[in-house]
Amino acid sequence: MTAFRTSAAHHFSGTYAEARTKFLDAAADRGAALQSFVLEAHRGALGETLATDVALLGARDAQRLLIVSSGTHGPEGFSGSGVQVATLRDDELLARLQQAGVALLLVHAVNPHGFSHLHRTNEDNIDLNRNHVRFDAPLPVNAAYAEVEPFVLPATWPPGPADEAAMAAYIERHGMRAYRAAVTTGQYNAPDGVFYGGQAPSWSNGTIRAILRQYAAAAGHIAWIDVHTGLGPYGHGEKIYPGRNMPEDLALAHAWWGADVFAPFAGDSASADVSGPVVSTAYDECPNARIAPMGLEFGTLPDGEVLTRLRADTWLRRHPEAPEPQKREIRAQLRDAFYCDNDEWKGMVLGQTRVVLLQTLQGLRKA
């Protein structure tokens, strides 16, 4: 019996520390090559070591490489880690990968600080899916952000009637799509604001690039599944194409994963069209490889509620003097926005991810 047919709850964890232990134990049991990249300057919420851990199954110089990453956005790591642990315990799937000559690289907790401390952003309030841009060139401009920030992050939380009225007026003038773009696309001017992309490469940026140089340099074909949560209908895994806006690249994604692959730049995805996602580093570090990236996004709560809880978390970072009960409530609500701690949802995550991994295996096999 393979791991995906056992209780889904067994693979998931309640804290980053527990998730890391489960991942490392499962990888060691499988005989994977392990490496840890430690975030030396910070500790976890429980005083634990923070690290991005890597497990490789297969040849380091394999021509076909499948990457599965978790925790780009902090507590989204609860689901991604569960997927990775379940994959390490899936005899059938791993046997298929081995027979096809496909190496599997699992990157656990891209953002370990946010995973442990229950923040979507990293230790510097950077959203890592906005940080992988060229910092030697002009940064992306989001001119609308300055107008919406005063009511998106008001002086007090929860927002008052005047803040709600200002938001409603903005949406009436510009439309909901424009409002969401102004808030979520990313901005590079307000370090304590929402969806901040940073002014320089983050620690995680450098770590991901180092991982690719060590483990992906020889690959001619790379598939990268980055597991996310928080957008879309409850339990549904949207296949988001976060790659280059090139017809041949999008055609490859559709050929491998089906017509239900949506591209943010086409305006048909639950995700905003952002600059600098983590997976874009593969184009820089592996220029000779054919790359097929996917953000696999599982819905949790209604989108508006998730965004409100993200705003609250950012507000809390601005206001460390907030009362302890309010701090605990905001952190708990953020965790629940990205992790549905029940067997039904976890089973939906594991089942849909396994389908995607099998589709990816078939694509790599034919590459």
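**View 1. The salt bridge between Glu-76 and Arg-120.** Arg-120 is buried in this predicted model, because its relative accessible area of 10% falls under the 20% limit. Glu-76 and Arg-120 form a salt bridge in which the closest N and O atoms are 3.5 Å apart. Glu-76 lies in the loop between strand 3 (64–69) and helix 2 (77–88), while Arg-120 lies in the loop between helix 4 (112–117) and helix 5, so the pair ties together parts of the sequence that are 44 residues apart.

View 2. The closest N and O atoms of the salt bridge between Asp-90 and Arg-354 are 2.6 Å apart. Asp-90 sits in the loop between helix 2 and helix 3, and Arg-354 belongs to helix 13 (residues 343–366), so this pair ties together parts that are 264 residues apart in sequence. Both Asp-90 and Arg-354 are buried.

**View 3. The salt bridge between Asp-91 and Arg-30.** A search of the whole structure finds 22 salt bridges, and one of them pairs Asp-91 with Arg-30, whose closest N and O atoms are 2.7 Å apart. This pair links distant parts of the chain, with Asp-91 in helix 3 and Arg-30 in helix 1 (residues 16–30), 61 residues apart. Asp-91 counts as partly exposed at 45% relative accessibility, and Arg-30 likewise counts as partly exposed, at 30%.

**View 4. Glu-92 in helix 3.** Glu-92 is found in helix 3, which spans residues 91–100. With a relative accessible area of 28%, Glu-92 is partly exposed. The C-alpha atoms of Glu-92 and Arg-177 are separated by 43 Å, the two residues being 85 residues apart along the chain.

**View 5. The packing of helix 5 against helix 6.** Helix 5 (residues 145–152) packs with helix 6 (residues 161–174) at an angle of about 145°, and the axes of the two helices are 8 Å apart. From helix 5, the residues Glu-147, Val-148, Pro-150 and Phe-151 meet Asp-163, Ala-166, Met-167, Tyr-170, Arg-173 and His-174 of helix 6. Sorted by class, this contact between helix 5 and helix 6 has 6 nonpolar, 1 polar and 3 charged residues.

How values were computed
Residues numbered from 1 in each chain as written. Predicted model: local features only at pLDDT ≥ 70, side-chain atom pairs only at ≥ 80, totals over all residues. Heavy atoms only, no water. Axes fitted to C-alpha atoms, helices over the stretch in contact; angles between N-to-C directions. Helix = DSSP H or I, 4+ residues; strand = E, 2+ residues; numbered from the N terminus. Contact = heavy atoms within 4.5 Å. Nonpolar A, V, L, I, M, F, W, Y, C, P; charged D, E, K, R; others polar. Buried < 20%, exposed > 50% of the residue type's maximum accessible area, 1.4 Å probe, protein only. Salt bridge = Lys/Arg side-chain N within 4 Å of Asp/Glu carboxyl O.
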